Amino acid sequence: MQILVVEDDHRISSFLIKGLEENGILVTLCKRAEEALQEDFLKVPWDVIIIDIMLPGIDGIQLLQTLRYKQVFSPILMLSALNSVQDKVTSLDHGADDFLTKPFHFDELLSRINALTRRRQYHLQEPVRVPQLTFGNLRVDTDQYQVFFKDKELELSPREYKLLAYLIINKNKTVSRMQILNAVWGITFDNHSNVVDVYISYLRNKIELEGAKYIYTVKGVGYMFKEQ
């Protein structure tokens with residue numbers, strides 16, 4: 001396993017490198033976001049990228065956004081010294097897969113890394129993707145992570161695209177809110193959180209144009225994606 005750590009605090013980075021290497025993991029350290037954006041690093045198929053939010057220069061959130069813009073889709077775990085709900089929400093909304101607040105136990109970090117890599121391996125074992133999926137006037141380009149309606153590109157956030165992709169993978173099957181939370185957000189939310197319903201609403205507003213209907217509510221259970 002290869003992990004990229006972007007962390008400027010020597011004490012934290014030494015702790016991470018020592019623990020990860022003791023578990024047989026190859027670790028590369030960047031002390032600044034600018035280093036992580038070098039072409040050589042962007043080409044590496046990292047198993048997990050760990051990013052501290054508070055970085056000098058380009059901060060962790062900006063780095064996260066840039067990596068996703070450059071189509072780096074390795075699982076990303078964000079670290080923060082602040083137990084801020086807004087930091088967590090912002091990270092997840094911009095494409096992070098998990099979030100951990102300092103200080104943390106190394107065993108918890110390792111458990112989260114293992115969960116992220118298991119999820120990635122599961123997706124790699126899925127049947128070969130069809131690069132173009134068409135549902136009426138809706139077209140999804142799974143190679144370029146783009147969505148079109150009547151050949152006009154729709155602007156979806158990384159989280160909205162991931163939600164749409166999960167619904168399509170489970171086409172014609174009802175998926176519960178908890179299943180969606182686990183698959184799309186990758187962390188445990190409050191069971192009473194309405195984040196799924198909010199993002200379903202966002203997605204509907206963007207893809208259900210000109211009377212089209214794709215996402216159906218299954219009362220008391222969750223949602224289903226169906227072709228028209």
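In this predicted model, ring pairs link Phe15, Phe104 and Phe106 into a cluster. A search of the whole structure finds eight aromatic pairs. One of them joins Tyr145 and Tyr161. The ring centres of Tyr145 and Tyr161 lie 5.5 Å apart, and the planes meet at 65 degrees. The Tyr145–Tyr161 pair is therefore edge-to-face, since plane angles over 60 degrees fall in that class. Tyr145 belongs to the loop between β7 and β8, whereas Tyr161 belongs to helix α7 (residues 158-169), so the contact ties together parts that are 16 residues apart in sequence. Tyr145 has a relative accessible area of 35% and is partly exposed. Tyr161, at 12%, counts as buried.

Tyr214 and Phe225 form a stacked aromatic pair. Their centres are 5.8 Å apart, with 10 degrees between the planes. Tyr214 sits in the loop between α9 (195-207) and β11 (215-218). Phe225 sits in strand β12 (residues 222-225).

Lys213 lies over the face of Tyr216, 5.4 Å from the ring centre. Lys226 places its charged end over the ring of Tyr216 as well, at 4.5 Å from the centre.

The strand arrangement comes next. Five strands form an open sheet in the order β2-β1-β3-β4-β5, and the pairing is parallel. Strands β2 (26-30) and β5 (98-101) are the edges, each pairing on one side only. From one strand to the next, the twist averages 20 degrees. Four bridges connect β4 (residues 76-80) to β5 in the parallel sense. Within this pairing, Ser80 stands opposite Thr101 of β5. Two helices pack on the sheet. Helix α4 (residues 60-69) touches β1 (2-6), β3 (48-52) and β4. The direction of α4 makes about 170 degrees with that of β4. Helix α5 (residues 85-93) touches β4 and β5, and its direction makes about 155 degrees with that of β5.

Ser80 is found in strand β4. Its relative accessible area is 1%, so Ser80 is buried. Beyond residues up to four places away in sequence, Ser80 touches Asp52, Ile53, Asp87, Phe99, Leu100, Thr101 and Lys102. The C-alpha atoms of Ser80 and Pro103 are separated by 8.8 Å, although these residues are 23 apart along the chain. Pro103 lies in the loop between β5 and α6 (106-124). The peptide bond leading from Lys102 to Pro103 is cis, with omega near -10 degrees. Most peptide bonds are trans.

Strands β6 (residues 132-135) and β7 (residues 138-141) are joined by four bridges and run antiparallel. Leu133 has Val140 as its bridge partner in β7. β6 and β7 form a hairpin with two residues between the strands. In that turn, Gly136 has a positive phi of about 65 degrees. Four bridges also join β7 to β8 (residues 146-149), again antiparallel. Here Leu138 is partnered by Phe149 in β8. The hairpin of β7 and β8 has four residues between its strands.

Tyr145, in the loop between β7 and β8, has a phi near 55 degrees, a positive value in a residue other than glycine. Asp151 likewise is not a glycine, yet its phi is positive at about 70 degrees. Asp151 lies in the loop between β8 and β9 (152-154). With a relative accessible area of 63%, Asp151 is exposed. Most residues other than glycine have a negative phi.

Helix packing involves α7 and α9. Their axes are 10 Å apart, at an angle of about 85 degrees. That makes α7 roughly perpendicular to α9. The α7 side of the contact comprises Arg159, Glu160, Leu163, Leu164 and Leu167. These residues meet Tyr199, Ile200, Tyr202, Leu203, Lys206 and Ile207 in α9.

Methods: Residues numbered from 1 in each chain as written. Predicted model: local features only at pLDDT ≥ 70, side-chain atom pairs only at ≥ 80, totals over all residues. Heavy atoms only, no water. Pairing = 2+ DSSP bridges. Axes fitted to C-alpha atoms, helices over the stretch in contact; angles between N-to-C directions. Contact = heavy atoms within 4.5 Å. Phe/Tyr/Trp six-rings, centres within 6.5 Å; stacked < 30°, edge-to-face > 60°. Buried < 20%, exposed > 50% of the residue type's maximum accessible area, 1.4 Å probe, protein only. Lys NZ or Arg CZ within 6 Å of the ring centre and 35° of its normal. Parallel < 35°, antiparallel > 145°, perpendicular 65-115°, else oblique.
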